[in-house]
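Hello,

Here is the structure I promised to pass on. Please open it and keep it beside this email as you read.

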Amino acid sequence: MATKKLIVIIGATGNQGGSVAQVFLQEPQWRVRAVTRNPASAKAQALAARGAEVVQADLDLPSTLSSAFENANVIFAVSDFWGILGDPANTAKAKDQPLNVWAANHETEQLKGVIDAAAKVPTLERFVLSSLSDATKWSRGKYTHVYHFDSKAKAEAYARETYPELWKKTSVFQAGFFLSNYVSLPVFQPQMTANGVAQFVGQLDPDLKLPFIAAEEDTGPIVKALVQEAAGKNVIAYREWSSLRELSKAFTQATGIKAECIRLEKGQSNLSLPPELSRELDENWAYCNEFGYEGRDDPTIIHPKDLDSPPQLDSIVNYFRKQDWSTLFTQEK
């Protein structure tokens with residue numbers, strides 16, 4: 001019997017890493033090593049019950065990555081800007097700079113540690129890095145405060161410039177706009193009007209085409225394709241290339257609730273946010289409106305359909321059908 005290959009998954013209990021783990025646990029020729037800060041968590045134990053080797057490592061302690069990566073054939077690396085930003089333990093660490101600026105710099109350093117460790121793995125055949133477009137670069141310096149995009153792009157550039165041999169084995173996975181945002185995050189959740197209309201409110205152009213992804217379902221199939229194909233791919237990952245206006249129609253089709261898009265002007269928000277974070281999100285939406293979520297001028301970008309073996313992914317309508325919207329609003333009778 002041929003020796004099974006080993007995929008090591010950072011963030012295996014999260015949306016992206018969890019999806020990768022679920023896919024590769026179904027592949028008999030692969031072993032899955034799930035990397036997590038807390039092997040005792042319910043999600044980690046569920047992975048172990050399915051056959052994953054669960055190991056402890058911490059991106060804040062790069063020395064813990066060496067043993068986690070030992071004998072890896074593939075490494076999938078993902079980071080979490082919003083988790084860093086939302087961790088109360090990090091508030092005091094920002095000191096004299098805005099917390100989101102500190103969080104972005106910290107995320108870049110975490111990913112550099114992962115890249116340094118991955119470059120030392122002699123068995124490595126493929127490194128898949130979860131990243132996002134370089135907003136500063138592709139806006140030609142117009143939008144320099146989209147920190148949660150640029151933090152990942154800086155780490156990607158570090159890998160390309162510092163480790164040419166690792167880069168030859170690397171493909172980049174750019175996660176699209178999370179559909180789960182509309183379920184779990186107040187800033188995106190549809191708002192019900194008195195006459196029973198669900199409003200999708202935000203600064204994005206309702207007719208702008210966006211890459212919508214169900215990260216917890218779609219990441220694994222797309223990463224599997226990247227692992228099976230030659231390195232050097234930079235894929236913008238999504239299940240449907242759709243506009244917010246089309247998204248609202250999909251919501252109506254799924255739920256029977258009438259929906260519409262409401263575009264806010266720059267600086268307007270349906271949430272109260274710290275000034276620096278408000279500026280980051282304002283520039284994020286402006287960057288998407290003007291230059292595309294994926295940085296449309298980036299000549300290396302490919303779409304899932306451009307992969308040698310494009311995965312078959314579900315629809316936005318079906319994603320919305322599966323969600324419990326009762327906690328958000330009650331449909332008018």
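Some ground rules come first. This is a predicted model, where local features need pLDDT of at least 70, side-chain atom pairs count only at pLDDT 80 or more, and totals for chains, interfaces and linings use all residues. Residues are numbered from 1 along each chain as its sequence is written, and side-chain values use heavy atoms, with hydrogens and water left out.

Helix α11

Helices (H or I, at least four residues) and strands (E, at least two) are DSSP runs, numbered from the N terminus. Helix α11 covers residues 244-255, 12 residues in total. From first C-alpha to last it reaches 16 Å, close to the 16 Å expected at 1.5 Å a residue. That expected span is 1.5 Å times one less than the number of residues.

Buried means under 20% relative accessible area, exposed over 50%, and partly exposed in between (1.4 Å probe, protein chains only). In α11, Leu 244, Leu 247, Ser 248, Ala 250 and Phe 251 are buried. They lie on the same side of α11 because they cover an arc of only 155° around the axis. The arc is taken from the directions from the helix axis to the C-beta atoms. The face turned away from the buried side carries exposed Lys 249 and Gln 253. Just after α11, Gly 256 takes a positive phi of about 80°.

Gln 174

Gln 174 sits in strand β6 (residues 170-175). Is Gln 174 buried or exposed? It is buried, with a relative accessible area of 1%. Its side chain makes a polar contact with the side chain of Asn 234 (3.1 Å). A polar contact is a pair of N or O atoms within 3.5 Å; within protein, one must be able to donate a hydrogen and the other to accept it, and residues adjacent in sequence count only if both atoms are side-chain atoms.

The second largest pocket

The second largest pocket is lined by 19 residues. Glu 156, Arg 160, Asn 234, Asp 298 and Thr 300 lie nearest its centre. A pocket is an open set of points on a 1 Å grid over the protein atoms alone, where a 1.4 Å probe fits, with protein on both sides within 12 Å along at least five of seven lines; lining residues have an atom within 4 Å of a point.

Asn 71 has a positive phi, near 70°, in a residue other than glycine. Asn 71 is partly exposed, at 46% relative accessible area. Lys 95 also has a positive phi, near 55°. Lys 95 is exposed, at 72%.

Best wishes
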